[in-house]
Amino acid sequence: AMYEAKKQGRGKAVFFQPGMHVQVLNIMRMESDLRKAFEREEFCLFYQPIISLENRHTVSLEALLRWRHPEKGLIPPDRFIPLAEDTGLIRELGLWVLETSCRQLREWQNLFPHHEQLGMNVNVSPVQLKQPRLVREVQDIIDRTGLSPQSCRMEITESAMMNDPDLMLNVLRDLKGLEVQLYVDDFGTGYSSLSYLQKFPIDALKIDKSFIQSIDASDKSMQIAQAIIALGNAFDLRVVAEGVETNTQLDILQASHCHHVQGYYFSRPTDTETTENYLSIVVH
């Protein structure tokens, strides 16, 4: 009850409930399983294509982490990433995702010469961004995998950037010095200052899917999406719309001059084998 009260903020009171005990036991069990999962290589990556609206070519893949739990099956990241951040395991896990996806992309670029310009988008945790060796470790991974830095696209949430903007400005500048591409993820859900947006060395904005999923039903969502696209064009940034599921959403984004799209309309996240089959069929 004390921990729950602290989580809710100052001056909060929470009464103990029997269910809290069960919840704590479940968290402890998952934490133990999480540490064993890394040792037992139970983590895997799924990939989702990002499509250019200019020519409908696949321009990148987003690497999405999954946990193949021996008893609970496939566990999505929102169930275990917060715990990995709390326990500090996110550093090793994040580096594993980056190296595995970069190595896989290099293999696909060699296997399919028509995809030699294909990129790989990788999510970076706010906890990772505060690691003092992050930039050096990213450089080492790029060197080991032989991937062009421009093909490595690191996604940072808007809220993480604005939590400590001065620190993030230095970190992003150092990452940009490696020539990697920097994307602002979940854009529109945070509180970015335009002055910082102008300072950050970023290459693209990703419109949060909550706006895209209601873009054909809500005037406000449409206006927000169109404003972000206009903002991206004004700052010479590419704009990616996430969560595209219908042809109507696609038509609205096309008419609004959005650059790239991603979502179930084109493909769900798929495992390595299925993604490889997709790349072998898709010309670009």
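Trainee: Which residue forms a salt bridge with glutamate 137?

Mentor: This is a predicted model, where local features need pLDDT of at least 70, side-chain atom pairs count only at pLDDT 80 or more, and totals for chains, interfaces and linings use all residues. Residues are numbered from 1 along each chain as its sequence is written, and side-chain values use heavy atoms, with hydrogens and water left out. A salt bridge here is a side-chain nitrogen of Lys or Arg within 4 Å of a carboxyl oxygen of Asp or Glu. With its closest N and O atoms 2.2 Å apart, the partner of glutamate 137 is arginine 91.

Trainee: How many residues apart in sequence are the parts that this pair ties together?

Mentor: Helices (H or I, at least four residues) and strands (E, at least two) are DSSP runs, numbered from the N terminus. Glutamate 137 lies in helix H6 and arginine 91 in helix H4, so the parts tied together are apart in sequence by 46 residues.

Trainee: Is glutamate 137 buried or exposed?

Mentor: Buried means under 20% relative accessible area, exposed over 50%, and partly exposed in between (1.4 Å probe, protein chains only). Arginine 91, at 26%, is partly exposed. Glutamate 137 has 9% relative accessibility, so it counts as buried.

Trainee: What does glutamate 62 pair with in a salt bridge?

Mentor: Glutamate 62 lies in strand E2 and its partner in strand E7 (residues 204-207), so the pair ties together parts 144 residues apart in sequence. Both residues of the pair are buried. The closest N and O atoms are 3.1 Å apart, and the partner is lysine 206.

Trainee: Which residues do salt bridges that share partners join into one network?

Mentor: By the salt-bridge rule, the count comes to 10. The network made through shared partners joins Glu62, Glu155, Lys206 and Glu242.
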